[in-house]
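Subject: Handing over the structure

Hi,

Here is the structure I promised to pass on.

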Amino acid sequence: MPDLFRLSVRLRAAVSPARGALVRLLSATALLCAAGASVNAAPVLLVEADTGRVLEQQDAGKPWYPASVTKLMTVYVALNAVKEGRISFDSLLTVSPLAASQQPSKMGFKPGTQLTLENALRMLMVKSANDMAVVIAEGVGGSMPAFVEEMNDTAERLGMAGTHYNNPNGLPDPGQITTARDLAVLARALIYHFPEQETLFRIPAMRLGKVVYRNYNRLIDRYPGADGMKTGFICSAGFNLVATATRGNKRLIAVILGAPSAVARTEQAAMLLEKGFQPSWSIFASAAPTLNSIQDTGGEPTDMKPYICGGKRKELASENEDDAIFGASGTATSYATQAAAAAGFSGKNPGAALLQNLPPSMPPVDVFIGPKNAPLPPESAFPAEEKKPTAAKPGDKKAHGTATASTGTPPKPQGNAAARPNATLSNSEKMGLKPQPAPAPKPAQKPAQASADKPKPKTQGNGQDDSAPAQKPGG
């Protein structure tokens, strides 16, 4: 153990500040090994896109739950259908009751809503919308089972031997598995089979009406050279990411599976990519020469739920938890959060100098409802909502309002409505519409205290790519 710490100190003095976070990660790993941590290491893979040469790998053939990185295959099958002339980007797709019933993250459109395939793909990649995955599956394949069958056929054709799909969005299913190796194979296929669609994977934000949705891939416009692809999260998988970055004529693919938080996932990917762009940086062990040399290990996927969403963790893990890896006491609450905290993944130290606030690579991409030549008002896609406030009972000290989805407790009275999170807004409010006035209370009852007029929201943050309750994750 003393030797490990002395090595860590020497490395701290030798490397640049940009590599300091990596040294902290190595130090944290040494500490956890000494403590006898029982959780297996999560898969990691770094690959050169053009050659398929593996620069770094750890358990890349180990089965894992893909979560919303499943949607990369959904996109591949849809793009291939366009290439074969079976459908066009302007083809209208319809939101079915099955699509509308999907768990978050989702657009939340009502059944019968129509939109083009192009818009559905953009919503799928930026918002990680689970309902749009089903819309695409039914529109391209005729039915979801037929589309899933095509997903599995495509995986077999591409050589993704460790992958099996049961749905097009990655919502929890014990039979839906993949490997880091297979995800790198899929990423390479998307890059080189559909080069004309590269913009789809690096859209930083999209705008629907007055609402702007930001991409959950926080490498985009933060890590120099980042240009795609997709994040994913469910409790059993942890935080997954397939990311690409290009500098000069070198393009890399990084796969991170089972990270302890969204911020840790981003920083781990940034450090892995940085290593690949600096070949002389040889801290890591030797890796297999090509993707084809990585063998599937078989067995059951590791269930990360106890470490990501269980234990004493006060706040449930969610896709947008950029700083929520600690419990209420301010100390790490599981193996995963201990590793992240010891390595400096606190949300206050974003991968040292690797992550920056770069100029936007493009403005938000406009998306719309309805046909290409006759877009419909965005609010027409959302179901009507009736507000039914209840009058206070005598002596009731609780504030009036609807219980929040995550805690089941009523919200605190808001003097400044601007601080109200998007999750508590109605669909009409999210679209920037003025809410309907609530019906007047009965004269015999004490009226509820009126709240201040609430400003119209202009942006939606990272909402929930895979948020909400433990059994309601998304992409």
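Below is what I found, going from the whole chain down to single residues.

Some ground rules first. This is a predicted model, so keep in mind that local features need pLDDT of at least 70 and side-chain atom pairs count only at pLDDT 80 or more, while totals for chains, interfaces and linings use all residues. Residues are numbered from 1 along each chain as its sequence is written, and side-chain values use heavy atoms, with hydrogens and water left out.

**The whole chain**

The protein chain has twelve helices and eleven strands. Both are DSSP runs numbered from the N terminus: H or I with at least four residues for helices, E with at least two for strands. Of the 475 residues, 50% are buried. Here, buried is under 20% relative accessible area, exposed is over 50%, and partly exposed is in between, using a 1.4 Å probe and protein chains only. Taking contacts (heavy atoms within 4.5 Å) between residues at least 6 apart in sequence, 70% join residues at least 24 apart.

Threonine 290 is in the loop between helix 9 (262-277) and helix 10, and is partly exposed at 34% relative accessibility. Leaving out residues up to four places away in sequence, threonine 290 touches Gly52, Arg53 and Val54.

The largest nonpolar core holds 110 residues, and Leu45, Met73, Phe109, Met132 and Leu219 have the most contacts inside it. A nonpolar core is a set of buried Ala, Val, Leu, Ile, Met, Phe, Trp, Tyr and Cys residues joined through side-chain atoms within 4.5 Å. Sequence neighbours up to four places away aside, methionine 132 touches Val95, Met107, Phe109, Leu115, Ala120, Met123 and Leu124.

Helix 5 (residues 117-126) has eight of its ten residues buried, so it is largely enclosed by the rest of the structure. Among the buried ones are Ala120, Met123 and Leu124. After helix 5 comes serine 128, with a positive phi near 55°.

**A buried charge**

Aspartate 131 sits in helix 6 (residues 130-141), and a polar atom of its side chain lies 2.9 Å from the backbone nitrogen of glycine 108.

**Salt bridges**

The count is eleven salt bridges, taking a side-chain nitrogen of Lys or Arg within 4 Å of a carboxyl oxygen of Asp or Glu. Aspartate 182 pairs with arginine 181, their closest N and O atoms 2.7 Å apart, and both residues are buried. Glutamate 84 pairs with arginine 86 at 3.0 Å; glutamate 84 is exposed at 51%, whereas arginine 86 is partly exposed at 42%. Glu84, Arg86 and Glu150 are linked in a network of salt bridges.

**The disulfide**

There is one disulfide, meaning a pair of cysteine sulfur atoms within 2.5 Å. It joins cysteine 235 to cysteine 309, with the sulfurs 2.0 Å apart. Cysteine 235 is in the loop between strand 7 (226-234) and strand 8 (238-247), and cysteine 309 is in the loop between helix 10 (305-308) and helix 11 (335-342), so the pair ties together parts 74 residues apart in sequence. The torsion about the S-S bond is about -90°, so the disulfide is left-handed. Both cysteines are buried.

Most residues other than glycine have a negative phi, and most peptide bonds are trans. Against that background, the bond from proline 104 to serine 105 is cis, with omega near 5°. Another cis bond joins glycine 228 and methionine 229, with omega about 5°; methionine 229 is in strand 7.

Aspartate 59 has a positive phi of about 55° and lies in the loop between strand 2 (54-58) and helix 3 (71-83). Aspartate 221 also has a positive phi, about 65°, and is buried at 16% relative accessibility.

Happy browsing!

Key
Polar contact = N/O pair within 3.5 Å; in protein donor to acceptor, adjacent residues only side chain to side chain.
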